Amino acid sequence: MASTSMTHSQDKASALSQGLVIFIYLAILTGIEFFIALTMDSAPLLVLVAIVKAGLVAYYYMHIYRLTAVEAETDHHSYAYKLVSNRIGLWLFLLSDSFVFGGLLTTRIYLLGPTRPALNQFLGLTVTAVLLVSSFFMNRAETSMEHGDRKSFLLNATLTMLLGVAFLLGVVAVEWPNAIREGVTPASGTAGAVFFMMTGMHAFHVFTGVLFLLVVLRNARRGLYSAEKHWAVEAATVYWHFVDLVWIFFYPALYLIGKLIG
Amino acid sequence: MDRKLAWVGLASLALIALAIVATLMLGKPPQFRGTTYDPLVPAPEIALKKANGEEYRLTDQKGKVVLLYFGYTYCPDICPTTLATLKQAYTNLGSDANKVEIVFITVDPDRDTPQSMQRYVNQFDASFIGLSGSTADLQPVWTEYGIFRELGPKDASGNYIVSHTARILVVDKQGNLHLSYPYGEQWQDILFDLRLLINQGGSQG
């Protein structure tokens, strides 16, 4: 039980409170980010805040440091060994997915430059908040599973999933029609194309994240996971936080950075 | 909450606070979205009759930001759309509207009187000012503001197009020509710059 013991390096209470503290940091940083966007025309500052938020999510929620916590496993058929290679595989996948989002971000920068489309700020901030809160609950769910609390896992994972659905509705059912009404459509020009491509691709990932959570919830209900063995839960968690991380960059890129056009 | 976490929070906040201070201190003067006059030049005097017979003098408007636009009432497209844009910006000024003045000066004095100019701008906003005068009064203004003006050929009914510079000029509170915009500038950008100019203390570059 070598490398799985690292999930118990903290006791449950402190792990949960850590998750909460990180969420509070993220919320404060988002508030600061919004304030900076309102009062200062500074893209570098907004990028800096995004990087700090991303760092917190990557370290504390996605526990990227687990990639390095590799103990020499002699038994290549052990769960511990497979867990290590699973993690590498997952992060490689996330890396490749980052190219998709990185490409879209680059496209946004190239096509729109120092301008941004006219979007509803209240909506943008709301869906951002919804996604951040969902990450909080996702972290809570994972922590619960790591400490064998299945009931708490089910509750928190369900909350995460529901918030994910709320985010999807917020984007697809509210923000998109709103943008279209304002004349920003997928075919209305570069701004519209960029907006719909970025939010669409991201929303698609949220959708698949929700599907992933549904599967994991179903399996958890059937008792397939334990504190020692719950790789699918960890994978779903890290994927979910990844989607949140992408939005940490997409939100300022679409809503906050640059001068308004049209 | 453990110590390390508290440090992470503090360090993040400190880093961002530092970055904000650095940005403010290295602060460049406000980035206008319009084209700036560099160096600023005092706006040449404009002394023309208003519709009510009173004289309008640009130099009397110091303390206000003045937007100057040259056009004519028979203009088919450029002038109405530009005035509509200015109206958009003006409307969104809110309580700052009384610090901004929008002035429409004719390039077609043969057809536009001060009254017809004022009637025209009233359709956009009653606080806009329409000015005209004789060609002799207006020529120096056109020249000093660099306004190109060319009368087109008359058609059967005697109507003609006037080709003219369509830039929007902005005079700041100190009476200097500060900014200009090309035709088609978005009202949001004009509004952004107007706010900067309204909040300006002394004259800045």
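**Strand β4 of chain B and its sheet**

Trainee: What makes strand β9 (residues 168-171) of chain B and β4(B) a pair?

Mentor: In this predicted model, four bridges join β4(B) and β9(B) in the antiparallel sense. Pairing asks for at least two bridges, so they qualify. Within β9(B), L169(B) is the bridge partner of L68(B).

Trainee: How do you know that β4(B) also pairs with strand β5 (residues 100-106) of chain B, and in which sense?

Mentor: Seven bridges link β4(B) and β5(B), and the sense is parallel. At least two would do, so this counts as a pair too. G71(B), for instance, sits opposite T106(B) in β5(B). To get from β4(B) to β5(B), the chain goes through helix α2 (residues 78-91) of chain B, a right-handed β-α-β crossover.

Trainee: Why is β4(B) called largely enclosed?

Mentor: Buried takes 20 or more other C-beta atoms within 10 Å. Seven of the seven residues of β4(B) (residues 65-71) are buried, so the rest of the structure largely encloses this strand. That holds whichever way they point: V65(B), L67(B), Y69(B) and G71(B) go one way, V66(B), L68(B) and F70(B) the other, and all are buried.

Trainee: What makes the pairing of the open sheet's six strands "mixed"?

Mentor: The order is β1-β10-β9-β4-β5-β6 (chain B). Here β4(B) is antiparallel to β9(B) but parallel to β5(B), and both senses in one sheet give the mixed pairing.

Trainee: And why are β1 (35-42) and β6 (129-131) of chain B placed at the edges?

Mentor: Each has a single partner strand, so one side of each lacks a neighbour in the sheet. For β6(B), three bridges join this strand to β5(B), running parallel.

Conventions. Residues are numbered from 1 along each chain as its sequence is written. Chains are lettered from A and ligands numbered from 1 in the order in which they are written. This is a predicted model: local features need pLDDT of at least 70, side-chain atom pairs count only at pLDDT 80 or more; totals for chains, interfaces and linings use all residues. A residue is buried if 20 or more other C-beta atoms lie within 10 Å of its own, exposed if 12 or fewer, and partly exposed in between; C-beta atoms are placed from the backbone. Helices (H or I, at least four residues) and strands (E, at least two) are DSSP runs, numbered from the N terminus. A crossover is right-handed if, with the strands pointing away from the viewer, the path from the first strand over the helix to the second runs clockwise.
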